[in-house]
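Please look over the sequence and the structure shown here before reading on.

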Amino acid sequence: MKKFKELPLVKKVGLNRVILTGVLILMYLIFTLVSPTFLSYSRILSALNYAYFLGFLALGVTFAIATGGIDFSIGPVMFCAALIAGQLLTKSGVPVIVCLLIAIVIGSLFGILNGFLVAYIGIPPFITSMASMMMAKGVGSVFTKTQSVSWPQGTVAEGWYRN
């Protein structure tokens, strides 16, 4: 193990990253042996189709973490924005593009609020994001009257933006 730690690649990248990469490759090999269709084009496309938004969320929270902060509110804010936009689309007949813009505005407002409270008021990021998380949950619940909202199937809202 000591010789492994002294390899140039391990020194440059770090032992944890090398081990995690090895575990990921091992998992892919095992899953491919168990199910030969695991690495098929359609399976990879399906996984990306259902997880693309997680990449966008991770990209956004990267900036908060890179500056030494933390943001737990990103998931509840996303759901709050989606609930409000979905409610407006299905119950009020607001056009899809306007609903998407409203969702972006809601997420931006929560982000601006978090940034203001941390940068100018001096509240720790942990406390700010926890409070923002609770506010987003409350706003989404109140706006939809705790009812779930489904985007209509077979319409332009079904997923044209994924393509």
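Predicted model: local features only at pLDDT ≥ 70, side-chain atom pairs only at ≥ 80, totals over all residues.

Residues are numbered from 1 along each chain as its sequence is written, and side-chain values use heavy atoms, with hydrogens and water left out.

Helix α4 covers residues 41-66 and has a kink of about 55°, centred on alanine 51. Helices here are DSSP runs (H or I, at least four residues), numbered from the N terminus. The bend at a residue is the angle between axes fitted to the seven residues ending there and the seven starting there. Just after α4, glycine 68 has a positive phi of about 90°.

Next come α5 and α7. Helix α5 spans residues 74-92 and helix α7 spans residues 125-144; their axes come within 8 Å and cross at roughly 15°. Axes are lines fitted to C-alpha atoms, for helices over the stretch in contact, and angles run from 0 to 180 degrees between N-to-C directions. The angle makes α5 roughly parallel to α7 (under 35 degrees counts as roughly parallel, over 145 as roughly antiparallel). The crossing of these two helices, α5 and α7, is left-handed, meaning that the near helix is turned anticlockwise from the far one by less than a right angle; clockwise would be right-handed. By class, the contact of α5 with α7 has ten nonpolar, four polar and one charged residue. Here Ala, Val, Leu, Ile, Met, Phe, Trp, Tyr, Cys and Pro count as nonpolar, Asp, Glu, Lys and Arg as charged, and the others, Gly among them, as polar.

How do α5 and α6 pack? Their axes are 9 Å apart, at an angle of about 150°. That makes α5 roughly antiparallel to α6, and the crossing is right-handed. The contact includes Val77, Cys80, Ile84 and Leu88 of α5, with Val96, Ile106 and Phe110 among the residues of α6. It is made up of 13 nonpolar, one polar and no charged residues.

The axes of α6 and α7 come within 9 Å and cross at roughly 150°. The two helices, α6 and α7, are therefore roughly antiparallel, and α6 passes α7 in a right-handed crossing. Phe110, Asn114 and Leu117 of α6 take part in the contact, as do Thr128, Ser132 and Ala136 of α7, among others. This contact of α6 with α7 divides into seven nonpolar, three polar and no charged residues.

Serine 132 lies in α7. Is serine 132 buried or exposed? Its relative accessibility is 1%, so serine 132 counts as buried (under 20% relative accessible area is buried, over 50% exposed and in between partly exposed, with a 1.4 Å probe and protein chains only). Leaving out residues up to four places away in sequence, serine 132 touches Ser73, Val77, Phe110 and Asn114.

Valine 96 counts as buried at 13% relative accessibility, whereas glycine 115 is partly exposed, with a relative accessible area of 33%. The C-alpha atoms of valine 96 and glycine 115 are separated by 29 Å, and the two residues are 19 residues apart along the chain.

Methods. Parallel < 35°, antiparallel > 145°, perpendicular 65-115°, else oblique. Contact = heavy atoms within 4.5 Å.
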